[in-house]
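Subject: The structure, and some notes on it

Hi there,

Here is the structure I promised to pass on. Have a look at it first, and then read my notes below.

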Amino acid sequence: MATTTSPAVTMLPPELTYLLTLDWHVFPVSRTSKHGCFKGAAASASADIKQVFEWSREFPDCNWRAHPGKSKLFFLDVDKEGDLHDNDGIASMKRLLAKHGDLPIGPRLVTGGSGGEGVFFRWEGQEMRGGPHALAPGIDVSTVRGAVCPTLPPSIHQRTGGAYRWRRGYEPWNVSLPSIPQWIVTALKPLPVPEVDLSTITESAAATKLNYYAQDIINAPSGLSNRTIFGKAFKSGILVGAGLLAYQEAETVLYHAALQRVKPEKRGGIMPSIRSGLRGGMSAK
């Protein structure tokens with residue numbers, strides 16, 4: 001009796017099917033924005049071919065992303081300076097490689113927006129910082145929880161219409177994921193929790209510190225606005241946790257400062273960074 005091929009295999013893009021066999025967990029993303037096709041899409045990322053096929057039927061024109069933590073991936077998104085990006089990640093990477101040596105051979109893709117490069121490694125449980133410009137200006141870094149999830153071929157960039165594509169010979173099914181170079185692990189070590197002698201700080205002094213933090217956000221250097229917002233929110237959260245600042249006051253002051261620093265199209269990401277930083281500081285021991 002002749003066997004039939006599963007429609008999940010024949011109808012999914014082959015390059016996506018290959019990734020599922022490598023246990024890459026993917027989820028559908030809108031082609032008109034960077035948002036998941038449904039609430040909780042990133043957290044629902046799956047390597048199950050039946051589930052991914054169902055998503056492809058429900059969202060036939062979607063883009064696809066991989067969840068770094070679930071897929072055991074570490075990803076660098078190296079931006080190319082141009083209309084979409086103010087920072088030249090390519091130049092930043094060249095400077096780093098001149099100092100540390102070439103990256104190991106591994107999967108590489110060309111992004112559909114600026115034509116920058118996506119570089120993949122095997123995540124082996126290291127604790128590292130991530131997010132936009134975490135390694136250097138123009139180099140975004142994935143995190144275990146899903147920040148900076150790599151967009152995968154055959155996706156199309158939502159603004160330029162450019163196609164994401166694997167570099168020939170550097171597809172994940174042709175080259176294995178290499179370990180993360182130690183110099184990158186070292187450079188991205190979690191920052192130490194700021195030491196604050198809360199016994200010497202009054203509520204008035206805490207309010208003054210909050211205003212200083214706001215000014216630091218306004219004056220953040222190019223390419224480091226998101227990191228600065230999070231860092232100053234973290235320090236503010238320490239004061240909130242100590243009862244020296246009201247949460248709502250800290251959130252409002254930092255938000256209005258960030259509005260003066262961040263480009264209009266990026267303002268939707270301000271409040272999550274502020275709230276994440278505040279929560280982190282409030283829970284710091």
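At what angle do α9 and helix α10 pack, and how far apart are their axes? The angle is about 140 degrees, and the axes of α9 and helix α10 (residues 270-283) lie 10 Å apart. Oblique is therefore the word for how α9 and α10 sit relative to each other, and their crossing is right-handed. On the α9 side, the residues that meet α10 are Tyr 247, Ala 250, Glu 251, Leu 254, Tyr 255, Ala 258 and Leu 259. Their partners in α10 are Ile 270, Met 271, Ile 274, Arg 275, Leu 278 and Met 282. Sorted by class, this contact of α9 with α10 has eleven nonpolar residues, two charged ones and no polar ones.

Before going further, please keep in mind that this is a predicted model.

Helix α9 (residues 247-259) also packs with helix α7 (residues 203-218): their axes come within 8 Å and cross at roughly 25 degrees. Because angles under 35 degrees count as roughly parallel, that crossing makes α7 roughly parallel to α9. The crossing of α7 past α9 is right-handed. From α7, the contact draws on Ala 207, Leu 210, Asn 211, Tyr 213, Ala 214, Ile 217 and Ile 218. From α9, it draws on Glu 249, Ala 250, Val 253, Leu 254, Ala 257 and Ala 258. Here the classes come out as eleven nonpolar residues, one polar and one charged. If you colour the helices, look at Ala 250, Leu 254 and Ala 258 of α9: they are among the residues that touch α7, and they are also among those that meet α10.

Now for the chain as a whole. It contains ten helices and nine strands. Of its 285 residues, 45% are buried. Among contacts with a separation of 6 or more, 73% are between residues 24 or more positions apart. The chain exposes about 14900 Å², and carbon and sulfur atoms supply 51% of that area.

Is Asp 61 buried or exposed? Its relative accessible area is 58%, so Asp 61 counts as exposed, the cut-off for that being over 50%. The C-alpha atom of Asp 61 is separated by 9.3 Å from that of Val 29, a residue 32 positions away along the chain.

Notes. Residues are numbered from 1 along each chain as its sequence is written. This is a predicted model: local features need pLDDT of at least 70, side-chain atom pairs count only at pLDDT 80 or more; totals for chains, interfaces and linings use all residues. Side-chain values use heavy atoms; hydrogens and water are left out. Axes are lines fitted to C-alpha atoms, for helices over the stretch in contact, and angles run from 0 to 180 degrees between N-to-C directions. Helices (H or I, at least four residues) and strands (E, at least two) are DSSP runs, numbered from the N terminus. Angles under 35 degrees count as roughly parallel, over 145 as roughly antiparallel, 65 to 115 as roughly perpendicular and the rest as oblique. A crossing is left-handed if the near helix is turned anticlockwise from the far one by less than a right angle, and right-handed if clockwise. Contact means heavy atoms within 4.5 Å. Ala, Val, Leu, Ile, Met, Phe, Trp, Tyr, Cys and Pro count as nonpolar, Asp, Glu, Lys and Arg as charged, and the others, Gly among them, as polar. Buried means under 20% relative accessible area, exposed over 50%, partly exposed in between (1.4 Å probe, protein chains only). Accessible areas come from the Shrake-Rupley method with a 1.4 Å probe; for residues, only the protein chains shown count as cover.
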